[in-house]
There are 2 protein chains.
Amino acid sequence: MNGVPGAAGEGPPREPAYDLIELMFFAYRDFVSDPDHVLERFQFGRAHHRVIHFVHRHPEIRVADLLDILRITKQSLARVLRDLIEQGFILQKEGQADRRQRLLTVTEKGQALALELARLQTERFTRAIAASGTPRDQAVRFLYAMIDPDAREEVTRMITQAGRAVPQKDR
Amino acid sequence: MNGVPGAAGEGPPREPAYDLIELMFFAYRDFVSDPDHVLERFQFGRAHHRVIHFVHRHPEIRVADLLDILRITKQSLARVLRDLIEQGFILQKEGQADRRQRLLTVTEKGQALALELARLQTERFTRAIAASGTPRDQAVRFLYAMIDPDAREEVTRMITQAGRAVPQKDR
DNA sequence: CATTTATGTCAGCCATGTTGACATATTCGA
DNA sequence: TCGAATATGTCAACATGGCTGACATAAATG
């Protein structure tokens with residue numbers, strides 16, 4: 001109780017973490033900038049990147065599940081999905097159990113693009129981990145803890161279950 | 001030379017770091033979402049947030065320097081700056097040495113908003129650091145290392161020099 | 001005094017998000 | 001079996017926040 005900043009009993013620190021806030025801002029900006037140049041070649045933007053990434057990660061994903069992950073509307077998705085399908089990066093397949101569904105999967109061309117984009121971002125992480133001496137799992141835990149608590153479970157599931165078909169509702 | 005993944009001589013790992021890539025995506029999404037609700041009350045968006053943040057951090061900043069930090073055009077800045085000035089969050093002052101300059105500073109009202117927004121994001125970092133057991137300076141080093149090498153020097157200067165007047169060019 | 005610089009502004013375009021309304025095909029449930 | 005619910009698609013209109021290009025003004029500079 002002596003007015004020293006950081007003394008016990010104050011709860012969370014009062015000083016704004018300007019360094020972390022600004023580092024996060026610039027780190028993310030550069031993190032998403034690598035793919036931009038590659039995407040330009042196809043007249044694609046970041047919205048296309050997100051779609052092809054998550055479709056690549058979740059073959060035969062349902063449109064509704066993709067919308068849940070991206071948190072956008074079907075109208076927003078439709079625009080970029082049209083481009084990706086027309087240019088042969090993604091294909092649609094009728095659901096077997098439920099023929100209303102249009103299951104989305106990347107083509108070989110789409111997979112190649114998704115892998116190239118992931119490779120660029122992976123290299124940034126690899127370099128950052130090495131240069132900063134951060135244990136990889138420490139970085140994972142830190143970023144995970146930055147996510148809203150009520151979204152974490154779903155993110156964990158998404159990351160660990162990727163590649164498996166998205167479970168359908170009980171029938 | 002036995003085909004074991006991760007064996008020496010392969011250079012950087014070939015496996016895409018999907019977990020880190022997706023965690024970064026979701027972490028950033030939530031990181032910027034806290035301020036959104038506060039900004040809504042003033043009909044402000046994320047562009048307003050960035051401007052008020054950096055003006056708060058750099059009192060009497062020149063328009064040209066703000067544009068450099070944000071990497072946007074003056075036309076883009078003009079739109080949000082107009083709102084912020086009209087609603088009394090930022091004020092312009094003629095430069096003393098150079099009267100062409102319009103030095104930008106937050107008002108008290110603007111400072112209050114900037115501090116509130118920074119507080120929300122700081123709390124997220126504080127919780128994440130505690131929950132993940134990441135030393136604070138480890139998080140700083142990691143995020144710093146995620147930034148493009150040729151941008152790091154400027155970011156360091158920006159973070160450490162904040163609050164001081166931006167140095168003018170030699171005269 | 002001519003040129004450069006700092007800033008502002010108008011107009012229009014693009015990417016990507018939104019809401020609302022409506023259409024179609026299919027599945028589900030009473 | 002039939003009406004309701006569901007999965008998806010589409011059209012139109014609008015908001016935000018980027019962009020380029022063209023031009024204007026005031027002040028500094030050589």
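**Notes on the DNA strand D surface and the chain pair**

1. H2(B) is the top contributor to the surface near DNA strand D, giving four residues; "near" here means a heavy atom within 4 Å of the strand. Helices are DSSP runs of H or I with at least four residues, numbered from the N terminus. Bear in mind that this is a predicted model, where local features need pLDDT of at least 70, side-chain atom pairs count only at pLDDT 80 or more, and totals for chains, interfaces and linings use all residues. Residues are numbered from 1 along each chain as its sequence is written, chains are lettered from A in the order in which they are written, and side-chain values use heavy atoms, leaving out hydrogens and water.

2. Around DNA strand D sit 26 residues, and those that come nearest are Lys74(A), Arg100(A), Arg50(B), Gln75(B) and Arg79(B).

3. Now the polar contacts (pairs of N or O atoms within 3.5 Å). Gln75(B) puts a polar side-chain atom 2.7 Å from a base oxygen of DNA strand D.

4. As for the two copies, chain B superposes on chain A by a rotation of 180° with 0.0 Å of shift along the axis (RMSD 0.0 Å), fitted by least squares on C-alpha atoms of residues with pLDDT of at least 70 in both. They are thus related as by a two-fold rotation axis.

Notes
Polar contact = N/O pair within 3.5 Å; in protein donor to acceptor, adjacent residues only side chain to side chain. Helix = DSSP H or I, 4+ residues; strand = E, 2+ residues; numbered from the N terminus.
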